Amino acid sequence: MTALATDAPSAPTPSRHGRREITLLFAGLMITMLLASLNQTVLSTALPTIVGELHGVEHMLWVITAFILASTVTMPVYGKLGDLLGRKPLLVVAIGLFMAGSVIGGLAQDMTWLVVGRAVQGLGGGGLMILSQATIADVVPARERGRYMGIMGGVFAVSSVAGPLLGGWFTEGPGWRWAFWINLPLGVLAIVAALLFLHPRRAPVARPRLDWAGMASMTVATTGLVLVATWGGAQYAWTSPTILALAGTTLVAAALFVFAEGRAAEPIVPLHLFADRNFNLTTTAGLLTGVAMFGAISYLPTYLQMTAGVDATHAGLLMVPMMGALLLTSVLTGRAVSRTGRYKWLPVGGSVLVAVSLALLSTMTPQTSLVLIGVYIAVLGTGLGSTMQLLVLIVQNSFPVRQVGTATASNNFFRQIGATLGSAVVGSVFATRLTALVAERLPAGAGPADGTSSLTPALVNALPEALRLPIVESYNDALTPVFLVMAPLGLVAALLLCFVVEKPLATTVEDGPPARS
């Protein structure tokens, strides 16, 4: 049993990485994580302009959902293969796929190719996050890892605001396509950093037996679930043959996935992970938080542009309070965990703050002060900063390092399922309600010929007040009630995390069993 020290000792690791090597490695991983996290938000402020130019507001949610769905499906695959084959070559492949998707998106002339580009980006993006987190676990003990995980959370915080800012600046300057082209120099830099600085522990020499059945059934089940959430109640009625067939296919594929994982020699999501109490609790809480987080931040910049009448760059700046709060909280909580070894109640409090922030956001109106909205967003950032990275640390501390990639990927997989459902459901409900409200409130023949498909912030702000006001109020009334519906998810996550067992954080990196309380 590993003793819970109070002076946060820094023990040497069996991988023989020195402090300078770990610093250089960590710098390379931060570039990689920035590349992935930036592209979850960079299009948020550009989306209204993009869908207006490409005439496809009904496909707007797929620009976000396609990336999240593709990255979700590939996460467990990258995690397992990283444990079996080594993380360095997989990371280079993931960055290459991400750059290829960026080229497709940058050249897209219609919404179909834009969505394809985002999906290819997601195929690489799923590996960028997982392989970065797992590589740190290869060389840094859990007790010291808190400060590193805090900085990783800070990278996400920076990208959550830098993304909308860059997206807004590109939209108003050289054009929204530069939101894709900027990934190419960043990708080259990330590949160079991976080749020079990443030297993780050697993978087993034996040829692994890949879990093809598990990969296929998981892909079908995940895709079916997202299509049900996206199309149900919007393109098709919930009781339509299409939705019922998709739901049935999802259930069958999920059952086949469980069956395949029980028989596979090297399952991508080993069933024994679910025998660990902390894994189950943190994974479920992460899924619920993912629904709330991505359901909120994916559409806030669009909401601010339409209702407050600000431009894309200003909408990005209005997300700064969330970035500052998330960055500060993530770093401080990470350092506190490394110093004290205690971590249980931090994500509990963070989940409560997420619920409070969603309830506050649901009270917004077109007349709400932007300063007050900034306060609401800062509360959300504080909650996320004390939650997300610590959930990953709890999972990693529950398994030996030879399984840390698989465990990390599985935990992130279910969190991303929540993110996918959050973006899909909120986007679907928002688009459906918006179309209905605009049609109801505008005089007959007064709106655009194609309904809401070509509405952009510039077009709405240029309309006469008699037409602009109903559209602005429709945007508000279509989105804010959804925030209130999602608020209880944070409370449920907090309740679940109360039952986490606070195991001592390991002070060495080793292949043996994890620390037990």
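**Exercise 1.** Find which residues L114 touches, not counting residues up to four places away in sequence.

*Solution.* Taking contact to mean heavy atoms within 4.5 Å, we find that L114 touches I50, L54, V63, G105, A108, W176 and F180 once residues up to four places away in sequence are not counted. The model is a predicted one, in which local features need pLDDT of at least 70 and side-chain atom pairs count only at pLDDT 80 or more, while totals for chains, interfaces and linings use all residues. Residues are numbered from 1 along each chain as its sequence is written, and side-chain values use heavy atoms, with hydrogens and water left out.

**Exercise 2.** State how many residues the largest nonpolar core has.

*Solution.* A nonpolar core is a set of buried Ala, Val, Leu, Ile, Met, Phe, Trp, Tyr and Cys residues joined through side-chain atoms within 4.5 Å, where buried means under 20% relative accessible area with a 1.4 Å probe, protein chains only. The largest such core has 114 residues, and L114 and F483 have the most contacts inside it. Its largest share, 13 residues, comes from α3, helices being DSSP runs (H or I, at least four residues) numbered from the N terminus.

**Exercise 3.** Describe how the axes of helix α3 and helix α9 cross.

*Solution.* The axes, which are lines fitted to C-alpha atoms over the stretch in contact, with angles running from 0 to 180 degrees between N-to-C directions, come within 10 Å and cross at roughly 155 degrees for α3 (residues 60–85) and α9 (residues 212–231). Since angles over 145 degrees count as roughly antiparallel, α3 and α9 are therefore roughly antiparallel to each other.

Notes. Helix = DSSP H or I, 4+ residues; strand = E, 2+ residues; numbered from the N terminus. Parallel < 35°, antiparallel > 145°, perpendicular 65-115°, else oblique. Buried < 20%, exposed > 50% of the residue type's maximum accessible area, 1.4 Å probe, protein only.
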